Amino acid sequence: MAAIKNQAGKYVLPSTAGTTAAIDAFKDQLAKDPRIPIANPPATAPEAYPISTLTFLIIPKDGKDAQKRAALKQFIQ
């Protein structure tokens, strides 16, 4: 684990708070296209971890086995 210097000049350790700050810095762009990269957020986000990213899961909403779907949903949440 390493503290990385962000655009605000602050060294930030990786954390959920740092990733959330990066997401917040790109909120307007993400509202238009959630696939945009959130790495290297602007200096206006001093708490943002600079090498954050989003991950997407492709999960079927229908299927033959309701028990498996419920277990998958519970696991993801």
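A residue counts as buried under 20% relative accessible area, as exposed over 50%, and as partly exposed in between (1.4 Å probe, protein chains only). By that scale I59 is partly exposed, with a relative accessible area of 39%. The structure you see is a predicted model, in which local features need pLDDT of at least 70, side-chain atom pairs count only at pLDDT 80 or more, and totals for chains, interfaces and linings use all residues. Residues are numbered from 1 along each chain as its sequence is written, and side-chain values use heavy atoms, with hydrogens and water left out. Let's take a tour, starting inside and moving to the surface.

- Helix 1 covers residues 16–25, and its buried residues are G18, A21 and A22. (Helices are DSSP runs of H or I with at least four residues, strands are runs of E with at least two, and both are numbered from the N terminus.)
- An α-helix has 3.6 residues a turn, so residues three or four places apart point the same way.
- Turn to the other side of helix 1 and you find T16 and A17, which are exposed.
- Seven residues form the largest nonpolar core: A21, A22, F26, L30, I38, A45 and A48. Such a core is a set of buried Ala, Val, Leu, Ile, Met, Phe, Trp, Tyr and Cys residues joined through side-chain atoms within 4.5 Å.
- Which residues does A22 touch, not counting residues up to four places away in sequence? They are I38, P41, A48, Y49 and S52, where contact means heavy atoms within 4.5 Å.

- N40 is not a glycine, yet it has a positive phi of about 60°.
- Most residues other than glycine have a negative phi.
- You can find N40 in the loop between helix 2 (27–32) and helix 3. With 43% relative accessibility, N40 counts as partly exposed.

**Salt bridges**

- How many salt bridges does the structure hold? There are two, each being a side-chain nitrogen of Lys or Arg within 4 Å of a carboxyl oxygen of Asp or Glu.
- One of them joins the side chains of E47 and K10 (2.5 Å, N to O). E47 lies in the loop between helix 2 and helix 3, and K10 in the loop between strand 1 (4–5) and strand 2 (11–12), so the pair ties together parts that are 37 residues apart in sequence.
- E47 counts as partly exposed at 45% relative accessibility, and K10 is partly exposed at 34%.
- Another salt bridge brings together the side chains of R35 and D33 (2.9 Å, N to O). Here R35 is exposed at 67% relative accessibility, while D33 is partly exposed at 24%.

- L57, I59, L72, F75 and I76 make a nonpolar surface patch of about 500 Å². Patches are made of residues with over 30% relative accessible area and no salt bridge; like charges are joined within 9 Å, and nonpolar side chains (Val, Leu, Ile, Met, Phe, Trp, Tyr) within 5 Å. The accessible areas come from the Shrake-Rupley method with a 1.4 Å probe, and for residues, only the protein chains shown count as cover.
- F75 belongs to helix 3 (residues 66–76) and is exposed, with a relative accessible area of 70%.
- L57 lies in the loop between helix 2 and helix 3, and at a relative accessible area of 58% L57 is exposed.
- I59 is in the loop between helix 2 and helix 3. Leaving aside neighbours within four places in sequence, I59 is in contact with L72 and I76.

**After helix 3**

- Q77 is in the segment after helix 3 and is exposed, with a relative accessible area of 74%.
- Q77 and K27 are 50 residues apart in sequence, and their C-alpha atoms are 23 Å apart in space.
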